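Reader: Please take one part of this model and go through it closely, side chain by side chain. I would like the aromatic residues first, and then the charged pairs.

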Amino acid sequence: MKEITKAQEEILKALWKINEGAVSDILDALNDPKPAYNTVATVIKVLEKKEYVTHKTFGKTNVYYPLVKEVEYAKYLLKDTAKGFFNGSLNQMVSFFMKNKDLSLNELEELKNMIEQEISKTK
């Protein structure tokens, strides 16, 4: 995947929320303050060039839809973050959050349960 800017990511998130839509639909799905219509149209074209988005044409209207699923993008971001800040180690990344008290006891319990379930699945 190619790197995208925060503005591109926000527009992609809006498109994931609505599944598909014209520029005006995407604009409606964005949070305030909303960018200009032309800005959204330009960013969509950039996302198309980066192969995150494509479109179907109905008359004079382009209807855009994502080519990349939200979960695929999230996986890419997490791997990229782990690679950039934690030498590619998921253990180091989780350890960082635990040591900095960024996880509540409830979240730690949930993680423990998920890990235990995965261990029992792989046995």
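Author: What follows looks at the aromatic cluster, then at the salt bridges, with the overall chain as background.

The model is a predicted one. The protein chain has six helices and two strands, and their order along the sequence is α-α-α-β-β-α-α-α. With a radius of gyration of 19 Å, well over the 14 Å that the globule rule gives for 123 residues, the chain is more spread out than a compact globule. Its C-alpha atoms fill a box of roughly 55 × 30 × 25 Å along the principal axes. Of the 123 residues, 26% count as buried. Among contacts with a separation of 6 or more, 46% are between residues 24 or more positions apart.

The aromatic part comes next. The count of aromatic pairs is five. In one of them, the rings of W16 and Y73 have centres 5.8 Å apart and planes at 45°, so this pair is tilted; edge-to-face would need over 60 degrees. The pair links distant parts of the chain, since W16 is in helix α1 and Y73 in helix α4, 57 residues apart. W16 counts as buried at 11% relative accessibility, and Y73 is buried as well, with a relative accessible area of 5%.

Y73 also pairs with Y52: the ring centres are 6.0 Å apart and the planes stand at 80°, so this pair is edge-to-face. Y52 lies in the loop between α3 (37–49) and β1, whereas Y73 is in helix α4, so the contact ties together parts that are 21 residues apart in sequence. Y52 is buried, with a relative accessible area of 1%. Y73 thus takes part in a pair with W16 and in a pair with Y52. W16, Y52, Y73 and Y76 form one aromatic cluster.

Helix α4, which carries Y73, covers residues 70–85. Its 16 residues reach 22 Å from the first C-alpha to the last, close to the 22 Å expected at 1.5 Å a residue. Just after α4, N87 takes a positive phi of about 55°.

Now the charged pairs. Side chains of opposite charge can pair when their charged atoms come close. The structure holds six salt bridges. In one of them, K6 meets E9 at 3.7 Å, N to O. Both residues lie in helix α1 (residues 6–18), three residues apart, about one turn of the helix. K6 counts as exposed at 62% relative accessibility, whereas E9 counts as buried at 8%. K6 and E9 also belong to a network of salt bridges that links K6, E9, E10 and K13.

A salt bridge between K56 and E20 has its closest N and O atoms 3.3 Å apart. K56 lies in strand β1 (residues 53–58) and E20 in the loop between α1 and α2 (23–29), so this pair ties together parts that are 36 residues apart in sequence. K56 is partly exposed at 34% relative accessible area, and E20 counts as partly exposed at 39%.

K121 and E118 form a salt bridge at 3.3 Å, N to O. They both lie in helix α6 (residues 105–122), three residues apart, about one turn of the helix. K121 is exposed, with a relative accessible area of 61%, while E118 counts as partly exposed at 44% relative accessibility.

Conventions
Residues are numbered from 1 along each chain as its sequence is written. This is a predicted model: local features need pLDDT of at least 70, side-chain atom pairs count only at pLDDT 80 or more; totals for chains, interfaces and linings use all residues. Side-chain values use heavy atoms; hydrogens and water are left out. Helices (H or I, at least four residues) and strands (E, at least two) are DSSP runs, numbered from the N terminus. The expected span of a helix is 1.5 Å times one less than its number of residues. A salt bridge is a side-chain nitrogen of Lys or Arg within 4 Å of a carboxyl oxygen of Asp or Glu. Buried means under 20% relative accessible area, exposed over 50%, partly exposed in between (1.4 Å probe, protein chains only). The radius of gyration is taken over C-alpha atoms; the globule rule is 2.2 Å times the number of residues to the power 0.38. Contact means heavy atoms within 4.5 Å. Rings of Phe, Tyr and Trp (its six-membered ring) pair if their centres lie within 6.5 Å; planes under 30 degrees apart count as stacked, over 60 as edge-to-face and the rest as tilted.
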